[in-house]
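Dear colleague,

Please find the structure below, handed over for your records. My notes on one strand and on some helix contacts follow it.

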Amino acid sequence: MYENFYGFKEKPFSLLPDPSFLFPGRQYSRAFALLGYAVVSNAGLAVITGEVGCGKTTLIRQMLNQLTQRATVGLITNTANMREHLLKRVMLAFRQEYRDMGPVELHEALEDFLIGEYARGQHTILIVDEAQNLSIETLEELRLFSNINADKDQVLQLLLVGQPGLKQKLEHPDLQQLAQRVVVSFHLSPLRDRETPIYIRYRVRHAGGNPDLFTDAAAAMVHAHSGGVPRLINVLCDMALVYGYRDSAKRIDTPHVEAVINDRTGREPPG
């Protein structure tokens with residue numbers, strides 16, 4: 001809609017997780033470096049937490065894009081009913097057969113698969129997104145998978161990704177053994193007020209637009225209303241571009257952002 005008007009080659013503020021738009025800010029660079037260390041060192045358990053919309057999924061997808069062919073990755077994104085069907089969900093994540101198999105057969109099949117991947121020189125990683133929804137019992141059962149070893153090496157690496165509630169669960173007394181195996185842990189926080197304008201300019205530039213498209217005042221208003229949460233920043237900036245296009249505005253200023261906020265909150269504009 002507004003892409004041609006503002007000279008974009010693609011939408012700069014899409015809500016879809018896009019690793020190519022990963023903001024190279026301080027905390028994201030640190031988180032990515034720690035994830036890289038966890039993978040290279042085959043750390044048993046890594047944990048990434050953050051508020052909703054802070055970029056956890058984008059960070060993980062960027063990490064997946066960087067993995068070599070020597071990595072076998074299983075990804076679980078829907079954590080509903082995990083306790084009842086944990087083994088089946090893990091087998092499905094690794095694209096292994098699980099139908100018509102009982103718990104003992106499933107566990108043996110998983111162990112055979114993991115050891116087989118190890119024998120092929122593969123690094124096997126299980127990523128569980130929205131892990132804050134897992135019960136204490138399910139988290140403990142996941143820990144037991146890490147007991148599967150070969151030649152004194154651990155054959156399965158776990159990466160748990162979730163909201164802050166995940167960190168609280170890992171502090172539960174019944175998960176002491178799991179918590180002790182956490183080698184890498186990082187919490188993604190919302191952007192600071194000085195980071196939000198940089199974030200906006202980065203995404204605009206990456207999409208092929210003028211990095212100064214948003215005025216400093218507009219960027220400050222976006223931060224104040226979004227609290228620095230990247231997903232909310234994207235929503236406000238995307239709609240501000242729609243309003244700017246409607247007005248044929250060459251730059252996005254506070255009236256455009258304010259109009260978006262008023263329309264989203266149902267407030268009447270002043271005056």
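Strand β6 (residues 157-162) is covered on both faces in this predicted model: Q157, L159 and V161 are buried on one side, and L158, L160 and G162 are buried on the other. In a regular strand the side chains alternate between the two faces of the sheet. Since 6 of the 6 residues of β6 are buried, the strand is largely enclosed by the rest of the structure.

β6 is paired with two strands. Strand β1 (residues 45-50) runs parallel to β6 and is joined to it by 5 bridges; V47 has L160 as its bridge partner in β6. Strand β3 (residues 123-128) also runs parallel to β6, with 4 bridges between them, and here V128 stands opposite L160.

Turning to the helices, the axes of α10 (residues 216-226) and α12 (residues 254-265) come within 8 Å and cross at roughly 25°. An angle under 35 degrees counts as roughly parallel, and α10 and α12 are therefore described as roughly parallel to each other. A217, A218, M221, V222 and H225 of α10 make the contact with T254, V257, E258, I261 and T265 of α12. By class, these are 6 nonpolar, 3 polar and 1 charged residues.

The axes of α11 (residues 230-246) and α12 also come within 8 Å, but cross at roughly 115°; the two helices are therefore roughly perpendicular. The crossing is right-handed. On the α11 side, the contact includes V235, L236 and M239; on the α12 side, it includes H256, V257 and A259. The contact residues divide into 9 nonpolar, 2 polar and 2 charged.

Yours sincerely

Conventions. Residues are numbered from 1 along each chain as its sequence is written. This is a predicted model: local features need pLDDT of at least 70, side-chain atom pairs count only at pLDDT 80 or more; totals for chains, interfaces and linings use all residues. Side-chain values use heavy atoms; hydrogens and water are left out. Axes are lines fitted to C-alpha atoms, for helices over the stretch in contact, and angles run from 0 to 180 degrees between N-to-C directions. Angles under 35 degrees count as roughly parallel, over 145 as roughly antiparallel, 65 to 115 as roughly perpendicular and the rest as oblique. A crossing is left-handed if the near helix is turned anticlockwise from the far one by less than a right angle, and right-handed if clockwise. Contact means heavy atoms within 4.5 Å. Ala, Val, Leu, Ile, Met, Phe, Trp, Tyr, Cys and Pro count as nonpolar, Asp, Glu, Lys and Arg as charged, and the others, Gly among them, as polar. Buried means under 20% relative accessible area, exposed over 50%, partly exposed in between (1.4 Å probe, protein chains only). Two strands pair if DSSP finds at least two bridges between them.
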